[in-house]
Amino acid sequence: MRPPAYQQLADELRAEITSGRLQPGERLPPEPELCVKIGVSRSTVREALRLLASQHLIVTTRGVTGGSFVAHPDAEQLADGLSTGFALLTHSAAIGLADLLELRRALEIPAAGLAAVRREEAHLTELRGTLFDPDIDDFETMLAAHSAFHRAMAKASGNPLFELVGGPIYQVSYGEEVIGSLPEGYWAHIDADHRAMLDCLTARDADGASRAAATHLDFIAAAVR
């Protein structure tokens, strides 16, 4: 069955945007022109544009100089879309924690090395602000602090793609069976690992930061297995 007309138009415009034929900031053809060009009604065009806007691909403004423009990439908005996909996959039988940790290893170890070289003082300040008291007995608080640390580490790498891909990983929730089986002292160990990575970044020790990130992930893998 063929998709509805608005979906076909949205797919065509999305392909123009993602291929680079339509650049960020570039204005899309006006609605009447799209109607004639594609041979669809104005309501169909508007529905297609609303769909693209919901996917953060275009921005529509009103007024004399208004119209629909290709959105400038925003890592945080794009990560929201990836987060939904990650959440769906990780709550299915196809993806498990081992798969997630494998992806984290591929991202976080090189990101830590880059962060040690490229970090600025503002990054160190942000990382210090994510450190937590491991004696706090609240799983969600600890998990949020852990996520904030690794988001800040990805930002310090200076590569926005680490932020884009890494951010959604830290929003994935743990299952009840994992929460109930964490070993004693788990969060104290996580805190110590974070501080070791931060020390390496402060010293601009890229090799040390990568090793500390690997050790950190080894511990998590053993703890949640």
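Two worked exercises on a predicted model follow.

**Exercise 1. Helix 7 and helix 10**

Task: Describe how helix 7 packs against helix 10, and state which residues meet.

Solution: 
- Start with the general idea. Two packed helices are described by the angle between their axes and the distance between the axes.
- Locate the pair. Helix 7 covers residues 139-156, and helix 10 covers residues 186-202.
- Read the geometry. The angle is about 20°, and the axes lie 12 Å apart.
- Name the arrangement. Angles under 35 degrees count as roughly parallel, so helix 7 is roughly parallel to helix 10.
- Helix 7 passes helix 10 in a left-handed crossing.
- List the contacts. From helix 7 come F139, M142, L143, H146, F149, H150 and M153. They meet W187, I190, H194, M197 and L201 in helix 10.
- Sort them by class. This contact has nine nonpolar residues, three polar ones and no charged ones.

**Exercise 2. The second largest cavity**

Task: Find the volume of the second largest cavity, and say what lines this cavity.

Solution: 
- Begin with the search. Across the whole structure, two cavities of 30 Å³ or more are found.
- Take the volume. The second largest cavity holds about 90 Å³ of space.
- Name the lining. The residues are L107, E108, A111, A112, H150, M153, A154, F162, G166, Y170, M197 and A213.
- Assign elements. Helix 5 (97-118), helix 7 and helix 8 (160-169) each give two or more residues to the lining.
- Pick the main contributor. Helix 5 supplies the largest share, four residues.
- Sort by class. The lining has nine nonpolar residues, two polar and one charged.
- Link the exercises. H150, M153 and M197 belong to the helix 7 and helix 10 contact, and they also line this cavity.

Terms used: Residues are numbered from 1 along each chain as its sequence is written. This is a predicted model: local features need pLDDT of at least 70, side-chain atom pairs count only at pLDDT 80 or more; totals for chains, interfaces and linings use all residues. Side-chain values use heavy atoms; hydrogens and water are left out. Axes are lines fitted to C-alpha atoms, for helices over the stretch in contact, and angles run from 0 to 180 degrees between N-to-C directions. Angles under 35 degrees count as roughly parallel, over 145 as roughly antiparallel, 65 to 115 as roughly perpendicular and the rest as oblique. A crossing is left-handed if the near helix is turned anticlockwise from the far one by less than a right angle, and right-handed if clockwise. Contact means heavy atoms within 4.5 Å. Ala, Val, Leu, Ile, Met, Phe, Trp, Tyr, Cys and Pro count as nonpolar, Asp, Glu, Lys and Arg as charged, and the others, Gly among them, as polar. On a 1 Å grid over the protein atoms alone, a cavity is a set of points where a 1.4 Å probe fits but cannot get out, and a pocket is an open set with protein on both sides within 12 Å along at least five of seven lines; lining residues have an atom within 4 Å of a point. Grid points are joined across faces, edges and corners, and a volume is the space filled by probe spheres set on the points.
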